[in-house]
Amino acid sequence: MKVVESLLMITFLIYFGSCIESSLTGEPDALQESGYPNVDPALWTHFESFEAAAAQLGYPLDIAEIGVTAQIEPISEDRVAGQCSYGVRRSFREITIDRDFWNQATPLYREYIIFHELGHCVLFRDHVDACFANNTWTSIMRSGHGSCFDNYTSRTRPYYIDELFSSLSPDGSEDMIGP
């Protein structure tokens with residue numbers, strides 16, 4: 001009986017100890033592993049929305065397979081909410097979202113900026129700095145330099161999503177989104 005109790009106690013301690021060790025070392029849990037590797041989990045819903053919008057327009061994307069990484073951390077440049085960096089042969093694609101922006105922005109404006117950065121890192125879109133007559137940007141890919149205003153609302157979102165993916169060829173242009 002003592003042996004059985006000892007074995008149960010040892011099993012309990014090993015199990016409990018491994019849970020503590022994982023949370024103390026900051027290792028990702030199994031749930032995090034199943035999403036987007038090397039992407040801050042706070043960004044996952046926006047990555048999923050981007051993939052869903054692309055699929056709805058006939059351009060299925062797998063951001064995890066493409067290998068985009070992303071984090072939320074301070075950006076030292078003034079008035080920069082996000083950045084996309086990629087290697088010469090698109091060997092890496094990295095998005096940084098400014099922590100101060102993230103903490104203050106609405107979910108819809110967060111989506112706008114993340115979609116903009118994914119437009120650079122996944123679709124390889126450049127900035128488009130044209131304005132409508134009402135002085136709002138014509139593209140989600142605006143640089144932000146100029147006198148136009150953002151107009152990304154739940155009402156205008158479908159237009160901006162269509163415009164974002166309009167640069168893709170009808171066949172989804174693998175060479176545009178591939179390595």
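Predicted model: local features only at pLDDT ≥ 70, side-chain atom pairs only at ≥ 80, totals over all residues.

Tutor: A residue is called buried when its relative accessible area is under 20%, and exposed when that value is over 50%. The relative accessibility of F124 is 11%, which is under 20%, so F124 counts as buried. Its backbone is also worth a look: F124 has a positive phi of about 55°, although it is not a glycine.

Where is F124 found? It is in the loop between α6 and α7, and α7 covers residues 157-165.

N38 is not a glycine either, and it has a positive phi of about 60°. It is located in the loop that runs between α2 (30-33) and α3 (44-56). Is N38 buried or exposed? Its relative accessible area is 61%, which is over 50%, so N38 is exposed. Thus F124 is buried, whereas N38 is exposed.

In α7, the buried residues are Y160, I161, E163, L164 and F165. What covers these buried residues includes α3 and α6. The other helix, α6, spans residues 107-121 and also takes part in the largest pocket, to which it contributes five lining residues, the most of any element.

That pocket holds about 580 Å³ of space. Its lining consists of 22 residues, and those nearest the centre are R79, V80, A81, R142 and S143. Two elements give two or more residues to this lining: β2 (82-86) and α6. By kind, the lining residues are nine nonpolar, eight polar and five charged.

The strand β2 leads on to the sheet. This is an open sheet of three strands in the order β1-β3-β2, with mixed pairing. Its edge strands are β1 (68-73) and β2, each of which pairs on one side only. On average, neighbouring strands are turned by 15° against each other, with direction ignored.

The pairing of β1 with β3 can be followed in detail. β3 is made up of residues 93-98, and it runs parallel to β1, with six bridges joining the two. Within this pair, Q71 stands opposite T96, and I72 stands opposite I97. In a regular strand, side chains alternate between the two faces of the sheet. Although β1 is an edge strand, it is mostly covered, since five of its six residues are buried.

Last, the whole chain. The protein has eight helices and three strands. Along the sequence they follow the pattern α-α-α-α-β-β-β-α-α-α-α. Of its 179 residues, 38% count as buried, F124 being one that does. Among contacts in the protein with a separation of 6 or more, 57% are between residues 24 or more positions apart.

Note on methods: Residues numbered from 1 in each chain as written. Heavy atoms only, no water. 1 Å grid on protein atoms, 1.4 Å probe; cavity = no way out; pocket = protein on both sides within 12 Å on 5 of 7 lines; lining within 4 Å. Points joined across faces, edges and corners; volume = space filled by probe spheres on them. Helix = DSSP H or I, 4+ residues; strand = E, 2+ residues; numbered from the N terminus. Nonpolar A, V, L, I, M, F, W, Y, C, P; charged D, E, K, R; others polar. Pairing = 2+ DSSP bridges. Axes fitted to C-alpha atoms, helices over the stretch in contact; angles between N-to-C directions. Buried < 20%, exposed > 50% of the residue type's maximum accessible area, 1.4 Å probe, protein only. Contact = heavy atoms within 4.5 Å.
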